[in-house]
Structure formats: C-alpha cells, structure tokens
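User: Hi! I am new to reading protein structures. Could you go through this one with me?

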Amino acid sequence: MNLRLSDACGGLRLRITGSKLNSFHTELGRKCKTDHKVWASILSLFLWGIVGITATVGFVPPALALEYNKEILVDADFSGRDLTDSSFTKANLRQSNFSHANLQGVSFFAANLESVNLEGADLRNSTLDSARLVRANLTNALLEGAFAANARFDGAIIDGADFTDTLLRSDEQKKLCKLAKGTNPITGRDTRDTLFCP
C-alpha cells in the first residue's frame, strides 16, 4: 500500500509504504514538537525583550550619590544636575554653577562656595555648616531644613530664597535680614518671613 503524506511542519512530501507508516508518524510528531518548542522559545524571548525595553525606558534610576570631598572644582558646571545626597565636604567650588540643581541632602561642610551660582537650586536638608557663601547667588533657592550654622553669607544675593527651618547663627540671620526681599516662586513664602525678620 502506497501513501502520499504532506508534512504540516515543513511542507515535506514523502511517499511511504505500509510498514514504515507508524514509525514515520512517530518521527513526524517529535519533529513538530521540537519545532513548536523552538518557536515558542523565540517568541518568549522576543516578548521579554519588549517588556525589558519598556521597563527600562519608563523607569528613571535614582541618582547616585557622588563624593567630591576636598576636590578643587573652580568654575565647574553642575547646573541642572541631580546630585541628591552627594558630598562636597571641604571642596573648593569657587565660581561654580549649581543653578537649578537638585542638591537635597548634599554636604557642603566647610566648602568654599564663594561667588557660586545657586539660583533656583534645591538645597533642602543640605549641610552648609562652616561653608563660605560669600557673594553667592541664592536667588529663588530652597534652603528649607538646611543646616547652616557657622556658614558665612557676606554679600550673598538671597532674593526669593526660602530659609524655612534653616539653622543659622543669629548674627548671620540679622545680616541676611538686611538683604532679604522677594518671594520664593515654588513655596510662595516671603524670604523675610522665612528668616523671621522684624
């Protein structure tokens, strides 16, 4: 008895005689299962790749805290950067640009911030203890909860800065009150009110 069979898996056409028919069906079944497993694996990898790419594009990794302790970074440009929890302890940052940077929790302990641009910077909960902010531009900066004991602000521009809950020496607070004016555009607080100026 002669049979003509078409293999659905690969379009294979064979001529099979009687006794070999059973073994052919068994072999054909194995080949189809193997082909299906291979295609299922490829499709699965492809879908996981799409999910991975989507998750990566839609996910913004947190900023890594960086250490610039005791570095000389005169005229450095950090504008617009996310430097959350980074450390600039005892760094020389004279005339550097930190405008509109996220500096939450950053340590500027004993750093030289002379003539630094901190306009619109977010300095909430930062450490400015013993920092030298002489002639620094703090226009519209957020200093809420900052620790600024022993910090020097001689000649600083503080228009619109928010000093809510900032720890300052009383003599520096009085000095800042002589300069204080404006309203912070983010919090809506008057600079004079945040410094408890009379």
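User: Is Arg132 buried, partly exposed or exposed?

Analyst: Good place to start! This is a predicted model, in which local features need pLDDT of at least 70 and side-chain atom pairs count only at pLDDT 80 or more, while totals for chains, interfaces and linings use all residues. Residues are numbered from 1 along each chain as its sequence is written, and side-chain values use heavy atoms, with hydrogens and water left out. Buried means under 20% relative accessible area, exposed means over 50%, and partly exposed lies in between (1.4 Å probe, protein chains only). Arg132 has a relative accessible area of 30%, so the word for Arg132 is partly exposed.

User: Which residue does the side chain of Arg132 meet in a salt bridge?

Analyst: A salt bridge is a side-chain nitrogen of Lys or Arg within 4 Å of a carboxyl oxygen of Asp or Glu. For Arg132 the N to O distance is 2.6 Å, and the partner is Glu114. Both residues are in the loop between H1 and H2, 18 residues apart, so the pair links distant parts of the chain. Helices such as these (H or I, at least four residues) are DSSP runs, as are strands (E, at least two), numbered from the N terminus.

User: What separates Glu172 and Lys175 along helix H2?

Analyst: These two side chains also meet in a salt bridge, 2.9 Å from N to O. Glu172 is buried, with a relative accessible area of 2%, whereas Lys175 is partly exposed, with 33%. Because Glu172 and Lys175 are three residues apart in helix H2, the separation is about one helical turn.

User: Which residues are linked with Glu172 and Lys175 in a network of salt bridges?

Analyst: The structure holds nine salt bridges. Glu172 and Lys175 belong to a network of them, and the residues linked with this pair are Arg152 and Asp154.

User: Why is the disulfide of Cys177 and Cys197 given a handedness, and which hand is it?

Analyst: The hand comes from the torsion about the S-S bond. For Cys177 and Cys197 that torsion is about -90 degrees, so the disulfide is left-handed.

User: How are the rings of Phe88 and Phe98 arranged?

Analyst: Rings of Phe, Tyr and Trp (its six-membered ring) pair if their centres lie within 6.5 Å; planes under 30 degrees apart count as stacked, over 60 as edge-to-face and the rest as tilted. By this rule the count comes to eight aromatic pairs. In the pair of Phe88 and Phe98 the centres are 5.5 Å apart and the planes 90 degrees apart, which makes the arrangement edge-to-face.

User: Which residues form one aromatic cluster?

Analyst: Phe88 is buried at 0% relative accessibility, and Phe98 is buried with a relative accessible area of 0%. Phe98 also pairs with Phe108, edge-to-face at 5.6 Å centre to centre and 85 degrees between the planes, and Phe108 is buried at 1%. The cluster is formed by Tyr68, Phe78, Phe88, Phe98 and Phe108.

User: What is phi of Asn140 near?

Analyst: Asn140 is in the loop between H1 and H2 and is partly exposed, with a relative accessible area of 24%. Its phi is a positive value in a residue other than glycine, near 60 degrees.

Note on methods. Disulfide = S-S within 2.5 Å.
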